[in-house]
Amino acid sequence: MPNSTGWPDTPPQAPTAARKPHASTHHGKTIEDPYHWLRDPGYPEVTDPEILAHLEAENAYFEKVMAPHQALIDTLRNEIKGRMAQDDRSVPVQDGDFAYYWAFEKGAQYRRWYRCLPDADPSPGDMMILDEPALAASYPYFQLRALETSADGSALLWSADLDGSERCEIHHVDLTGEKASEKRPTNTSGAMCFAADAKGFFYVELSAELRPYRVLYQSLQDPQLEAREIYRETDPAFFVSISKSTSGQFLFITSADHVTSEVRFLPLDADQPNLKLISARRPSHEYHVDHGSGDFHILTNDQHRNFRLVRAPIDTPDEAHWDETVAASDAVLLRSAQAFSNAVVLAERENALDHVRILDPMSGGSGSRVSFPEEAYSLRVGANRMPTLSRLRLHYESMVTPPTTFDFDLESNNLITRKVQDIPSGYDPSLYQTKRLMARAGDGAMVPVSFVERVDRQTAGPIHLYAYGAYGHGMSPGFS
């Protein structure tokens with residue numbers, strides 16, 4: 001007979017892994033690891049019969065332990081599914097002559113990617129450029145890492161982890177239908193960027209230790225041509241990443257550890273890529289670069305931990321030629337800066353609250369912040385891929401407001417609601433309110449507390465308090 005836990009009188013016993021002597025020496029110290037035998041040397045392919053037998057025993061134990069709770073599991077699963085739109089779709093983002101978006105079909109675990117004309121509503125006739133469900137069905141594991149279209153919209157690059165090893169393959173697709181898709185590099189971080197003429201692309205290769213360490217250029221004119229090395233990072237503490245300027249004119253190659261960065265750049269239309277360094281690395285100096293038109297715009301912590309914004313000429317971008325446009329502040333952390341031909345968008349944080357400020361690209365100055373009605377919220381800048389900014393894509397949520405996509409119109413200074421996350425099982429935001437309180441900590445510091453409550457139950461009672469602040473990351477008040 002089952003007892004009160006739902007198990008038989010004798011509960012299932014967890015399998016015990018065997019202990020086998022194994023020692024290894026590193027940096028003069030010997031480490032004993034009796035479970036080393038569980039590491040299959042062929043990972044991610046696990047073929048050792050003894051390892052597989054233990055994993056199967058673990059899975060069988062889990063199934064027995066959870067079997068009495070299956071009714072509750074089903075209830076919780078259905079409740080969570082009921083809160084998610086099964087046919088969700090993103091708001092199109094303009095990039096060149098087209099706008100791009102993704103969509104789920106009911107029951108699908110992967111998205112399909114489409115493109116339409118700018119300012120057009122998605123429709124059934126839109127061109128599908130990537131079919132994730134079909135790709136996922138072709139591989140034992142599929143996780144899309146990145147997707148990139150050429151400037152003229154004629155070609156597509158996509159990268160994905162196809163075996164769980166965190167090594168990504170890059171594939172090239174001709175969207176004109178003239179050529180078949182071709183598989184490209186396999187040992188990459190997943191980051192890639194088309195050259196201006198779409199006749200080749202740049203990507204980041206991984207080392208044997210999974211460290212992104214060098215940038216290569218692959219020609220698409222001659223697929224058999226070996227990729228050409230553009231940059232190699234020799235310091236094992238530094239990881240390499242690539243990004244394209246908002247203007248579309250430059251490729252930035254960044255080498256960075258957790259506190260120090262170094263950026264090089266090259267024009268994406270150059271026949272022979274010639275890297276140029278912006279500022280040589282030095283300990284604890286972190287900086288980030290973008291270009292909209294004219295000068296580079298650089299966010300740097302060279303004088304203050306909260307960063308300042310400077311401009312630098314393209315021909316002489318070194319620190320001797322940096323011209324400050326926004327000074328550092330003890331109160332405001334500058335988190336990111338994106339440069340357009342007509343504006344610079346700063347993501348800021350003040351008193352642990354997110355803000356977005358829009359500046360003149362030439363003078364900087366105080367600019368203006370986008371205003372929101374709630375006291376406590378979470379905000380981030382979305383995908384904005386056009387060189388000239390007319391509407392700024394923003395993603396917003398609070399403890400009361402579901403994830404919402406806004407476009408901020410620079411001409412009218414109005415927020416345009418493009419999408420509010422649907423809650424199919426039902427949700428009435430008028431039943432709740434959110435507040436922001438300040439609590440004094442033991443050391444005297446004032447700590448912000450985001451608070452949500454039912455408007456019809458404002459009586460003293462128990463509360464659930466949750467906080468997290470490790471690794472320098474605080475918690476923004478989001479919808480749950």
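Asp290 stands opposite His297, a residue of strand β20. The model described here is predicted: local features require pLDDT of at least 70, side-chain atom pairs count only at pLDDT 80 or more, and totals for chains, interfaces and linings use all residues. Residues are numbered from 1 along each chain as its sequence is written, and side-chain values use heavy atoms, with hydrogens and water left out.

Strand β20 covers residues 296-300 and pairs with β19 in the antiparallel sense over 5 bridges. Strands are DSSP runs of E with at least two residues, numbered from the N terminus, and two strands pair if DSSP finds at least two bridges between them.

These strands belong to an open sheet of 4 strands in the order β19-β20-β21-β22, with antiparallel pairing. The edges are held by β19 (287-291) and β22 (323-326); each has a single partner strand, so one side of each is left without a neighbour in the sheet. On average, neighbouring strands of this sheet are turned by 30° against each other, direction ignored; the strand axes are lines fitted to C-alpha atoms, and angles in general run from 0 to 180 degrees between N-to-C directions.

## Two loop residues with positive phi

Ser284 lies in the loop between β18 (276-277) and β19. Its phi is near 70°, a positive value in a residue other than glycine. Ser284 is partly exposed, with a relative accessible area of 48%. On this scale, buried means under 20% relative accessible area, exposed over 50%, and partly exposed in between, using a 1.4 Å probe and protein chains only.

Asn413 is also not a glycine, and has a positive phi of about 60°. The loop between β29 (404-409) and β30 (414-420) contains Asn413, which is exposed at a relative accessible area of 52%.

## A buried isoleucine

Ile230 lies in strand β14, residues 228-232, and is buried, with a relative accessible area of 16%. Leaving aside residues up to four places away in sequence, Ile230 touches Phe202, Val215, Leu216, Tyr217, Ile253, Leu266, Pro273 and Leu275; contact means heavy atoms within 4.5 Å. Val204 is 26 residues from Ile230 along the chain, and their C-alpha atoms are separated by 9.9 Å.

## An exposed tyrosine

Tyr471 is found in the segment after β32 (446-454). This tyrosine, Tyr471, is exposed, with a relative accessible area of 73%.
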